[in-house]
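Here are some friendly notes to read alongside the model. I have kept them as numbered points so that you can check each one against the coordinates.

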Number of protein chains: 2
Amino acid sequence: MTPFERPPVGMNLGRTAKLVAQAFDAALVEAGGTLPVWLTLLSVKSSKQANQRELAGMIGIQGATLTHHLNAMETQGLLTRRRDPVNRRVHLVELTEAGEALFETLRQAALVFDKRLRAGLSDERLKEFADMLALLRANVGGM
Amino acid sequence: MTPFERPPVGMNLGRTAKLVAQAFDAALVEAGGTLPVWLTLLSVKSSKQANQRELAGMIGIQGATLTHHLNAMETQGLLTRRRDPVNRRVHLVELTEAGEALFETLRQAALVFDKRLRAGLSDERLKEFADMLALLRANVGGM
DNA sequence: ATCTAACAGTTAGATATCTAATTATAGCGG
DNA sequence: CCGCTATAATTAGATATCTAACTGTTAGAT
């Protein structure tokens, strides 16, 4: 798989990220959610009264994609959307009790998974890793 | 965005991989391809007479997904599929001249992109980075 | 020789994502 | 006020991916 002098970094990165994401999603499904549902819940929780554009930005998806997830999650009774009375273009998203409960469950699952993922990596190496990821993002123009 | 003691590694990894993949795809589109087309061409080139199951494994996708791409690429005249006379269950995939030409074009684009992505990273740090990715894969059970 | 289990690939249908076009609302310049 | 431009969200349609079910082919057991 390599007509290259050295194995391309991006390929390794992409493959690893895919495997990790799949494993994480499996852990979340186990706990009654999915990766996009978790990210949506997390972004709503982490921002008092954010609008959808901001939420999408936090998650790293487009607004149209978020609309899709919010529709499903609203149908499932995990959250509500209502117009902001101050600016009626904006829809304010809020978790229901069921949404809060699922958030807490998935948060536990995410903590367990993160611990598993970090096994054998010192804080120092984790820091280095984060630095390298930041460098790659910079090299690619993304942030 | 963090009801966590420390920022989860997986989140950072996933976000970075997505940005890098999007930038890479944009570079390939510029050169007349796409990421999945490139990966398919690369896997076919890197394996003398592989069957589709093996190709899919190399790329890291399911067989059904590969079928989809091969259909499109066959229609575009980039490759041909024929039954293996030795084992008629197997379909042998081969690039056409157009496929070979596109492979070479995209290979150049990939080399340029990889160089950009690696900017500012010594071989030593790259090695460390690859090691950490391998550790994450191991922690998650993938390979 | 036939039957059955395994294997390679395709098909069908679901989910997640994107971009472009559309709808509704807001705010500003004249 | 009116109309233009910008903004927030949704809708429509495309692409990439997955899993599960199906089709065809092979090989081994009796």
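1. Let me begin with one pair in chain B: the side chains of K127(B) and D131(B) meet in a salt bridge, at 2.9 Å from N to O. Both residues belong to helix α6 of chain B, where they sit four residues apart, about one turn of the helix. D131(B) is partly exposed, with 35% relative accessibility. Please keep in mind that this is a predicted model.

2. A second pair in chain B is E104(B) with R107(B), a salt bridge whose closest N and O atoms are 2.5 Å apart. These two are three residues apart in helix α5 of chain B, so about one helical turn separates them. E104(B) is partly exposed, at 35% relative accessibility.

3. E94(A) pairs with R82(A), the closest N and O atoms being 2.5 Å apart. E94(A) lies in strand β2 (residues 91-95) and R82(A) in strand β1 (residues 79-83) of chain A, so the bridge ties together parts that are 12 residues apart in sequence. E94(A) is partly exposed at 30% relative accessible area, and R82(A) is partly exposed at 39%. Over all chains, the structure holds 12 salt bridges.

4. How many salt bridges cross the interface of chain A and chain B? The rule finds zero there, though it does find 15 residue pairs in polar contact across that interface, both residues at pLDDT 80 or more. On the chain A side, α1 (9-30), α2 (35-45), α3 (52-59), α5 (97-118) and α6 (123-139) each supply at least two of the residues that touch chain B. The most come from α6(A), with 13 residues. The chain A side divides into 32 nonpolar, 11 polar and 12 charged residues.

5. As for extent, the two chains bury about 5,200 Å² between them, 69% of it on carbon and sulfur atoms. The contact takes 55 residues from chain A and 55 residues from chain B.

6. Now the nonpolar side of the story. The largest nonpolar core has 82 residues, and those with the most contacts inside it are W38(A), F129(A), W38(B) and F129(B). Beyond its neighbours within four places in sequence, F129(B) is in contact with V9(A), L13(A), F129(A), M132(A), L133(A) and L136(A).

7. Do look at L121(B) too, in the loop between α5 (97-118) and α6 (123-139) of chain B. L121(B) is buried, with a relative accessible area of 10%. Setting aside residues up to four places away in sequence, L121(B) touches M132(A), L135(A), L136(A) and L126(B).

Terms used:
Residues numbered from 1 in each chain as written. Chains lettered and ligands numbered in written order. Predicted model: local features only at pLDDT ≥ 70, side-chain atom pairs only at ≥ 80, totals over all residues. Heavy atoms only, no water. Core = buried A, V, L, I, M, F, W, Y, C linked by side-chain atoms within 4.5 Å. Buried < 20%, exposed > 50% of the residue type's maximum accessible area, 1.4 Å probe, protein only. Contact = heavy atoms within 4.5 Å. Buried area = accessible area lost by both parts, 1.4 Å probe. Salt bridge = Lys/Arg side-chain N within 4 Å of Asp/Glu carboxyl O. Polar contact = N/O pair within 3.5 Å; in protein donor to acceptor, adjacent residues only side chain to side chain. Nonpolar A, V, L, I, M, F, W, Y, C, P; charged D, E, K, R; others polar.
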